[in-house]
Amino acid sequence: MNEKILLVEDDPAIAEMVVNHLRKDGMQVQHITDGIIASKFISSEKYDIILLDLMLPGIDGIELLKKIREKSFVPVLILSAKDSDIDKALGLGFGADDYLAKPFSLVELSARIKASLRRATQYTYKTTTKEETKQIKIHELTLDLETLRVFKKKKEIQLTSKEFQILKLFMTEPKRAFSKEQIYRSIWNEDFFADENAIQVHISRLREKIEEEASSPKYIKTVWGIGYRMGDF
């Protein structure tokens, strides 16, 4: 492995431990302690994954995450001592791919990083296979599989990587109802551990972006007792 990793962490003890471990694992690691400085590096450098603390000097992790998602689908793994459901929901809602609460084991960190990198690689491959239709259209929504962009009434909608994948899942099989477990396995490519919160947050954020009224969705319908499906038009 020779992946390039950006670690944004202001705790020197944690940073030293993580950097040493990942470098022994064969990864390139760049460490930055300040949110503002990290933002400049993210704008000029390319990384395979970003490890992001929430409590940072300069600008906090959530604000930095928003800036990342304005420009990139790079996997982001949040490392934070803030282990509440609200903090997890915020991180996932603004586009993080995973969340690991401190204190964490280095073995689990490595496993999470490799899983995120594997998902990103598989996602890139799947969305560029020539066998797929280049565009999927349902009512006023158009999903472009070649450019990974989504439009509604010809106006582009900015989605995170996970939001795009969930919408693609529904639009590819519009008549099918997906359980939360099926969505999790399809998008995260991992076993489902009853982490319904992650799916609910992404569905909620996606509805806010594509629906006229998120509280009365037309595109992503709730199928009570099962999960979600594409609406009929």
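Two strands are taken to pair if DSSP finds at least two bridges between them. Helices (H or I, at least four residues) and strands (E, at least two) are DSSP runs, numbered from the N terminus. The model is predicted: local features need pLDDT of at least 70 and side-chain atom pairs count only at pLDDT 80 or more, while totals for chains, interfaces and linings use all residues. Residues are numbered from 1 along each chain as its sequence is written, and side-chain values use heavy atoms, with hydrogens and water left out.

Three strands make up an open antiparallel sheet in the order 10-12-11. Its edges are strand 10 (178-179) and strand 11 (220-223), each of which pairs on one side only. Helix 6 (residues 161-172) packs on this sheet and touches strand 10, strand 11 and strand 12, where contact means heavy atoms within 4.5 Å. The direction of helix 6 makes about 65 degrees with that of strand 12; axes are lines fitted to C-alpha atoms, for helices over the stretch in contact, and angles run from 0 to 180 degrees between N-to-C directions.

Strand 11 is joined to strand 12 (residues 227-230) by 4 bridges, whereas strand 10 and strand 12 pair over 2 bridges. Residues that stand opposite each other are listed below.

| Residue | Opposite residue in strand 12 |
|---|---|
| Ser-179 | Gly-227 |
| Lys-221 | Arg-229 |

**Helix packing**

Helix 6 also packs with helix 7 (residues 180-188), at an angle of about 120 degrees and with the axes 10 Å apart. The two helices are therefore oblique to each other; angles under 35 degrees count as roughly parallel, over 145 as roughly antiparallel, 65 to 115 as roughly perpendicular and the rest as oblique. Helix 6 contributes Lys-162, Gln-165, Ile-166, Leu-169 and Phe-170 to the contact, and helix 7 contributes Ile-183, Ser-186, Ile-187 and Trp-188. These residues divide into 6 nonpolar, 2 polar and 1 charged (Ala, Val, Leu, Ile, Met, Phe, Trp, Tyr, Cys and Pro count as nonpolar, Asp, Glu, Lys and Arg as charged, and the others, Gly among them, as polar).

**Salt bridges**

The whole structure holds 18 salt bridges, each a side-chain nitrogen of Lys or Arg within 4 Å of a carboxyl oxygen of Asp or Glu. One of them joins Arg-69 and Asp-97 at 3.0 Å, N to O. This pair links distant parts of the chain, 28 residues apart: Arg-69 lies in helix 3 (residues 61-71), and Asp-97 in the loop between helix 4 (85-93) and strand 5 (98-101).
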